[in-house]
Amino acid sequence: MPQDYAAVNQQDGDLEQRQGPSSSSSKPTSSYLEPALKWIAEAVGSSKGENAPLINRGKGTLDLPRKTIRKIIVTVCSIVGVIFIIGAVITWAVMCNGEEPKAPPKKKLTDPEKIVVGVPSSDSVREYLRTYTSEPHLAGTDADKRQAEWTRDKFLEFGISDTKIETYYPLLNYPLEQRLAIVSGPEELRYEASLKEDIVDEDKTSSNPNATAIFHGYSKNGTALGPVVYANYGRFEDFQLLVDRGINLQGTIALMRYGGAFRGLKLRAAEQFGCIGGLVYSDPLDDGPVAKQNYDSPAKAYPEGPWRPPSSVQRGSVQYASIVTGDPTTPGWAATENAERIERDESPGMTQIPSLPLSYKDALPLLRATQSRGVCDGEDWAGGLEGIEYCSGPTEGDVYLANIVEDKITPIWNVIGRIEGNEEPDRAIILGNHRDAWVFGAVDPSSGSAAMLELVRTLGILVKKGWKPRRTIIIASWDAEEYGMVGSTEWVEDHRDWLNEEAIAYVNVDMGVGGSQFMARGCPSLRQVVYEVTREVLDPGSNNDQTIYEAWRQQTNEDTPEFGLLGSGSDFIGFISHIGISSLDFAFRGDYGVYHSNYDSFHWMEKFGDPTFKYHETLVKIWGLLALRLADDRILPLYPGDYSTELGKYVKKLPIYESFAGPLETYETFGGPYKPFFKSLKKLAKATRRFERRRGRLEGRLEDEFGNATDTELPSVIFKRMKEANERLMHFERGFIDPDGLKDRPWFKHVIYAPEIDTGYSSQVFPALAEAFKSGDTEQIGLAIQQTTSRIAAATELLKADYDGDDDEDDDDDDD
């Protein structure tokens, strides 16, 4: 569930790419050389300089200047030095003249990595997907349990002997009765919504009588009666515009289109402005066939094209994703069978107004009823429906909304497999994908589930050949993600202490394959390993003459591919935001217009998403290589230097940067309360430079001198430094976790990244600071500066920490 929907592959954030100056003449080089050449002429051209007189006044003769032995040595050394300087300047000029930087270095594949690249089969993944999409499997249902048991059995069959189902008992809701109708006003405008998705003859599963009814997960049980007001994307600013234009929102039902913010946060905004109900529909301009002429796929609705047809509905959760994650009745602790609970309505993350999702076919009569009423000229408020003007209303007649649901505590089932590490069994890499779906879920999430099974089969082959990973690998098939990352969150809360002590990284795949465009987002420290791995795997759409890395880079025409930020919307959230575990999410995206609908089916995947299933196969290879690099590399492929670089970019997005635009090295001279914050960034930059320098030396020695040595054969000092480097790398991310959490949402504890509070899916960097600046409260700003500064300092100290109680002898290279 990583997004409501974006027809275009969107990334969280717009990080600037480092680029050198454009190609130009050699003038900069000449200006740097002129002082050196002048110094040569003056200092070494003669014993006294070029203006020394040539008459020997004692002898009355004309003498050439004489050079002493000392002067000869000085001359030679000076010439050599200048040659070195010239070479350095020329090298600098070449490197900075706009040439594209070199791609990250390729590593020679190990024998296990060759198997991970060679074994995965598109035919196998196809059959796994066929099984996962054979029936609707909403979380907590009998079908969901069947698929959990089938997944467990496949893990065991493939050789992952330590596999089990871990059961939790969260609150979930299920639809009983839904209705929407215009019940008063002009007779010609009255309407009864169908709230059904049409059968598509060529898609056999679309006629399944057990398809999930149209409803919102975690929606409020109840009814509402009132006029409808169209509120565009349902963002806070959309409602504010209506109020500013004189529209009375009290007692109305808000009609909002998907996009711009997480659906639950649309309801939160509606409730804050006095609405008594919410309707969220899919507009054809957003993920339907309107204005899709420049896309790769036909600009037609399914089944002629990949886009959303008129009756298609996007189901989804309406939990407030930026406020609370997981089971709403056990915030911060695991939803075990006998857990202490709070009431549903006590949770700050649950809506208090009833709601329904709608198709654009069912939304059209509501928009007709708002014609020429209220605000009709809102900027960017018009969608893609023909024959209407997008006016706010309110409608003349009342609309009746009924959302009768059953709230109940019910079991869900996480499937957990474990491959024990050999050298470092108490250090773990976690690989995760959720298994539950709103209906069939071919893309979301079953493409990822099928890929996970093929990865498990591949790892099982390695295990049977005698391979043991250096570190432990955990493979998790999560449940109830669609309601609000419930299965993974409860597992994280249940295993919090163990994760804090032993977890190194979490690698997530959700909507694994919906097209051919690769995307990745995660903690900056994981960027390099993603670049390395994608350079090892060929893009099946390029006739095998281009790597995934090259195709990825070409999507944005940047020097290096765009690596996005983590916000919310998938199972990485508990690991990064609650514990501080370095996390990564990746997928292949495309023209995907059937998100969370009955048509996200095996037929759609075969026809539009990945007809050959080669991108599924490719995803398995990338996932496997990432797992092996993280599990087997002697030095963890985490790079805190990249983290520090990104923080230097993020700070430029804060309002305080408008008052100060100097280089990072001079931030600490910026006066006022911000000085400690800038100083902490400078100290982190210094610590990461030092760490990366030492790490490079250590990796060089391990490769050049001890490439074939086991841990027991390593010199004790090398082993100690290797172990300490890994401890620092593992714990570095933990430093950004504040135990008290963020203001008004304490479950979210990471001070660098959090879901943007009003949109949910997108990432907010420096969230405490950003929210404080938005509030304008000087006391809150001061506390946010203190909180963020202290956690940056904590991460810096963790990167220098001594984990074995013995001072490292290689500590004499601090930056001055």
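Which handedness does the link of Cys 376 and Cys 391 have? The link is right-handed, with 115° about the S-S bond. The model is predicted: local features need pLDDT of at least 70, side-chain atom pairs count only at pLDDT 80 or more, and totals for chains, interfaces and linings use all residues. Residues are numbered from 1 along each chain as its sequence is written, and side-chain values use heavy atoms, without hydrogens and water.

The structure holds one disulfide (a pair of cysteine sulfur atoms within 2.5 Å). The sulfur atoms of Cys 376 and Cys 391 lie 2.1 Å apart. Cys 376 is partly exposed, at a relative accessible area of 25%. Cys 391 is buried, at 0%. Here buried means under 20% relative accessible area, exposed over 50%, and partly exposed in between (1.4 Å probe, protein chains only). Cys 275 is also buried, at 5%. Cys 523 is buried at 1%.

Helix α9 (residues 442–464) packs against helix α17 (residues 614–632). Helices are DSSP runs of H or I, at least four residues, numbered from the N terminus. The axes are 9 Å apart, at an angle of about 55°. Axes are lines fitted to C-alpha atoms over the stretch in contact, and angles run from 0 to 180 degrees between N-to-C directions. Contacting residues (heavy atoms within 4.5 Å) include Leu 455 and Leu 459 in α9, and Trp 623 and Leu 628 in α17.

Technical notes:
Helix = DSSP H or I, 4+ residues; strand = E, 2+ residues; numbered from the N terminus.
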